[in-house]
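Thanks for coming. I will go through a few local features of one model, so please keep the sequence and the structure in view.

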Amino acid sequence: MSTQTSSQTSVPRRLGTLDRYFHITARGSSIGREVRGGLATFLAMSYIIVLNPLIIGASADSTGNFLGGGSEPNLPAVAAATSLISGLMTILMGVIGKFPMAVSSSLGLSAFITYGIVVLPGMTWADAMGLVVIEGVILLVLVLTGFRSAIFNAVPGALKIAISVGIGLFIALIGMVNAGFIQNNGSAGLELGVGGSLWGWPILIFLVAMFALFAMWAAKIRGAILYSIVGATALAITLESVLRVGPRTAEDGTENPYGWGLTVPTLNQDWLTMPDMSLLGDFNLLGSWQSIGVVAATLTIFTLLLANFFDLLGTMVGVSNAGAIKDDAGEIPHSRRIMVADAVGTIGGGVGSTSVNSGFIESTVGVGDGARTGLANVVTGILFLATIVLAPLAAVIPTEAASATLVLVGFLMMQQIVRIEWTDVEMAIPAFMTIVVMPFSYSITNGIGAGFISYVGIKVFRGKWREVHPLMYVTAALFVLYFISGPIQEALGVG
């Protein structure tokens, strides 16, 4: 159904082309709110420019070479490519999908490629990026044939709500972990702060930002999210300039548990840099078939495909519910276009050697600050492109300052839990599994899989198999294969 069939006709002709194209007024927004929301999204996810190179750029493949084919890491090239591809694909999502969901390198899939694919005997980084391109092409075909949309529409409403709630808990946990508020202490598991105590200036920045944000949000101050990030960053820069806190892990490997987690907030750096674009086009489309064989390559593509497929589903639902972005039928507007843009983003990630690119759940930060249309994406994308030459722009913002926004967004998404009918155990149990597995396993895909399998299993066991959409059987079966893909690969001798 058309996204704005009834509402769009009420928009006066005198409004500008920009307003009419993005349905700004029709979605109850304004150009100012879209700009502010796009900026908030960028600030919340700008860490990807620093973190993605540390994941895919700092590890060698099975031949001993790093991304780009050199014998030494080339992190600036990875950062420049990440900024470029993220910017272009985010703008594409905004212009085509007209949806406020930024696109960038998926950290989970970047880690899977780094630690699970390029280490396979014979695999190179170019081969791995070729697999990403192939996976993106398959995704695009699934969208154009209507299969991806059909699966999305086959998911029961209660499970879609549960996906959104689970994502809320997941991103709140991400925010707390990124800020060091919750840390993994090895055998002791997760604990509060350092050794169970909240100590150190970075954690203080996180706490100040979080409680200031809570207070501003409760007071209904517009721009609260953006104000909290900018204010906390300014305070962090001041503290670092005076106290010289330093990083949590120094270049020589020295550990400082009370240091900054990822980026040290400082203005003392070279602001203009010439970008290294040598990674663009550095992929081998069919190299993996020769390196690891057809069976192993096929299983690897299947794993990437399923994870990417349902990560987008979860992110779409999360962003849509966070901003109440629905059409007259209660569905996500332009969902087919959104899926096309996401598939093209994956292909772009492989071509640009930046890993799988897909929708970022941190986009809910921008939605929480007012973004409702693709114009916010255009703003976010332009800022990503600016970091190609203004590399320190993203590196100035400490994760401790931006992570507080994820906690608030988690709270906002958690509020939807009341829409689940908890007395209906046939839906409540799958919803519960979806919600808890996401944060506990640190994966949106795992949570969706647990919910789907539980839903189908309970319905079949109770003799209500006719109530289950046929595509739910297909996806549940695929998730079973996904969860046991490791043993299958080992049995076939390709792990």
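**Buried residues, rings and cavities**

Lys160 is buried, at a relative accessible area of 14%; buried means under 20% relative accessible area, exposed over 50%, and partly exposed in between, using a 1.4 Å probe and protein chains only. Before going on: this is a predicted model, where local features need pLDDT of at least 70, side-chain atom pairs count only at pLDDT 80 or more, and totals for chains, interfaces and linings use all residues. Residues are numbered from 1 along each chain as its sequence is written, and side-chain values use heavy atoms, with hydrogens and water left out.

Back to Lys160, which sits in helix H8, residues 157–178. Helices (H or I, at least four residues) and strands (E, at least two) are DSSP runs, numbered from the N terminus. What is Lys160 in contact with, leaving aside its neighbours within four places in sequence? The list is Phe152, Asn153, Val155, Val317, Asn321 and Glu331, where contact means heavy atoms within 4.5 Å.

Next is Ser320, in helix H12, residues 294–323. Ser320 counts as buried, at 0% relative accessibility. With neighbours within four places in sequence set aside, Ser320 contacts Phe99, Ile325, Lys326 and Ile332.

Neither is a glycine, yet phi is positive in both: about 60 degrees for Ser353 and near 80 degrees for Ser355. Ser353 is buried at 0% relative accessibility, and Ser355 is buried at 0% as well.

Now the rings. The structure holds six aromatic pairs. Rings of Phe, Tyr and Trp (its six-membered ring) pair if their centres lie within 6.5 Å; planes under 30 degrees apart count as stacked, over 60 as edge-to-face, and the rest as tilted. One of the pairs is Tyr21 with Phe22: the ring centres are 5.0 Å apart and the planes stand at 90 degrees, so this pair is edge-to-face. Phe22 is buried at 5% relative accessibility, whereas Tyr21 is partly exposed at 34%. Tyr21 also has Lys98 over its face, at 4.1 Å from the ring centre; a charge sits over a ring if NZ of Lys or CZ of Arg is within 6 Å of the ring centre and within 35 degrees of the ring normal.

Phe211 and Phe214 are three residues apart in helix H9 (residues 201–218), so about one helical turn separates them. Phe211 is exposed at 52% relative accessibility, and Phe214 is partly exposed at 30%. Elsewhere, ring pairs link Phe452, Phe479 and Phe483 into a cluster.

Last, the lining of the largest cavity. By class, it has seven nonpolar, four polar and two charged residues. Here Ala, Val, Leu, Ile, Met, Phe, Trp, Tyr, Cys and Pro count as nonpolar, Asp, Glu, Lys and Arg as charged, and the others, Gly among them, as polar.
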